[in-house]
Amino acid sequence: MEFAGKTIIITGGSSGIGKATAKKLSDLGAKVLITGRSKERLEKAANQIGCAWIESDVSKQEDVNKVFDWVAENWSNKLDVLINNAGLGEFASVEETPIESYHRVFGVNIFGPIMMVKKALPLMKGKKAGSIVNVASTSSMKGFANGSAYSASKFALRGFTQSLMEELRPFNIRVFQVNPSEVTTALGNPEREERKEIDFKLGPEQLAQTIVSVLMLPEKAFVPELSVWATNPRN
Ligand SMILES: NC(=O)c1ccc[n+]([C@@H]2O[C@H](COP(=O)([O-])OP(=O)(O)OC[C@H]3O[C@@H](n4cnc5c(N)ncnc54)[C@H](OP(=O)(O)O)[C@@H]3O)[C@@H](O)[C@H]2O)c1
């Protein structure tokens with residue numbers, strides 16, 4: 001697809017993978033709306049990128065509704081691409097993970113994309129066109145110690161994505177799942193500080209490149225799922 005003039009929502013676009021993807025798509029001429037919880041981080045990122053922003057916690061239905069009210073008002077309900085990128089990582093052993101943590105992580109990583117998709121579908125189905133990218137994780141395929149909440153939420157996202165993909169192909173709507181392995185970002189850091197890119201480890205830029213590349217395929221083609229690994233991260 002060509003990006004010039006396309007309308008694209010990226011949840012969690014104020015740092016990391018979402019921000020790098022928003023920059024690339026804006027540079028290619030797309031109209032991009034980024035979301036996140038912190039107004040300060042959003043304003044700062046949007047100024048660097050040259051895109052629109054809206055404060056919205058993806059785990060809250062009223063905040064999700066706000067995003068789509070914005071789309072109605074500013075883009076006359078035209079939505080070409082939805083990138084469900086916002087994610088939350090809380091990592092501890094099962095015994096040390098309070099039940100509230102499972103609720104928080106599931107709220108952002110699975111209920112968030114579900115609520116976003118349910119609002120996007122009428123806009124895309126009406127036009128029989130659209131693309132949805134769900135940013136999951138390699139932990140959507142294999143659990144790891146101290147990752148039960150995160151990994152279980154991403155397994156759920158993978159199941160949701162596969163079902164959605166089958167439902168939407170007859171409407172010419174493409175659904176992609178991208179699985180990053182470890183990327184040097186603020187994920188899991190309650191201070192939300194961005195990490196410096198480390199030689200040999202993946203940075204947000206490589207994931208942005210992946211997301212843009214799969215979207216760039218002509219609309220009659222899509223890649224259902226792909227994982228991105230660093231070649232030799234323990235170098
Ligand atoms: N980094 C990795 O190693 C890695 C590996 C596999 C998969 N992933 C996935 O990649 C995606 C992007 O993460 P990242 O690594 O780029 O992390 P990041 O730098 O922490 O970025 C996360 C983004 O999501 C936003 N966000 C967090 N909670 C949100 C909420 N409830 N509602 C709306 N926005 C929210 C953050 O902004 P605010 O904090 O201001 O809300 C930020 O813009 C996530 O889905 C993550 O699970 C990352």
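**Exercise 1. Locate A22 and decide whether A22 is buried or exposed.**

*Solution.* The model is predicted. The residue A22 belongs to helix α1. Within 10 Å, A22 has 31 C-beta neighbours. Leaving out residues up to four places away in sequence, the contacts of A22 are I10, G13, V32, I34, I49 and C51. W70, by comparison, is 48 residues from A22 in sequence, and their C-alpha atoms are 18 Å apart.

**Exercise 2. Describe the span of α1 and determine how many of its residues are buried.**

*Solution.* Begin with the span: α1 has 12 residues and extends 17 Å from its first C-alpha to its last. This is close to the 16 Å expected at 1.5 Å a residue. Next, consider burial. Of the 12 residues of α1, 10 are buried, so the helix is largely enclosed by the rest of the structure. The buried residues are G16, I17, G18, K19, A20, T21, A22, K23, L25 and S26. Finally, look just beyond the helix, where G29 adopts a positive phi of about 100 degrees.

**Exercise 3. Characterise the shell around the ligand: which residues come nearest, and which element gives the most to it?**

*Solution.* There are 31 residues around the ligand, and those that come nearest are G12, G16, R37, G87 and T185. Two elements, α1 (16–27) and β2 (31–36), each give two or more residues to this shell. The largest contribution is that of α1, with 3 residues. By class, the shell comprises 11 nonpolar, 15 polar and 5 charged residues.

**Exercise 4. Describe the packing of helices α3 and α4.**

*Solution.* Two packed helices are described by the angle between their axes and the distance between the axes. For α3 (residues 61–75) and α4 (residues 99–127), the angle is about 35 degrees and the axes are 10 Å apart. The crossing of this pair is right-handed. On the α3 side, Q61, V64 and F68 make the contact, while α4 supplies M115, M116 and K119. These contact residues divide into 4 nonpolar, 1 polar and 1 charged.

**Exercise 5. Determine where K154 lies and what K154 is in contact with.**

*Solution.* K154 is part of helix α5 (residues 148–168). It counts as buried because 26 C-beta neighbours lie inside 10 Å. Setting aside neighbours within four places in sequence, K154 is in contact with N109, A136, S137, S139 and S140. For one of these, A136, the separation from K154 is 18 residues in sequence and 5.6 Å in space, C-alpha to C-alpha.

**Exercise 6. Examine the phi values of S76 and N146, and state where each residue lies.**

*Solution.* Most residues other than glycine have a negative phi. S76, which is not a glycine, has a positive phi near 45 degrees. S76 is placed in the loop between α3 and β4 (81–84). With 8 other C-beta atoms within 10 Å, S76 is exposed. N146, also a residue other than glycine, has a positive phi near 70 degrees. N146 is in the loop between β5 (130–135) and α5. Its 15 C-beta neighbours inside 10 Å make N146 partly exposed.

Key:
Residues are numbered from 1 along each chain as its sequence is written. This is a predicted model: local features need pLDDT of at least 70, side-chain atom pairs count only at pLDDT 80 or more; totals for chains, interfaces and linings use all residues. A residue is near a molecule or strand if its C-beta atom, placed from the backbone, lies within 6 Å of it. Helices (H or I, at least four residues) and strands (E, at least two) are DSSP runs, numbered from the N terminus. Ala, Val, Leu, Ile, Met, Phe, Trp, Tyr, Cys and Pro count as nonpolar, Asp, Glu, Lys and Arg as charged, and the others, Gly among them, as polar. Axes are lines fitted to C-alpha atoms, for helices over the stretch in contact, and angles run from 0 to 180 degrees between N-to-C directions. A crossing is left-handed if the near helix is turned anticlockwise from the far one by less than a right angle, and right-handed if clockwise. Two residues are in contact if their C-beta atoms, placed from the backbone, lie within 7 Å. A residue is buried if 20 or more other C-beta atoms lie within 10 Å of its own, exposed if 12 or fewer, and partly exposed in between; C-beta atoms are placed from the backbone. The expected span of a helix is 1.5 Å times one less than its number of residues.
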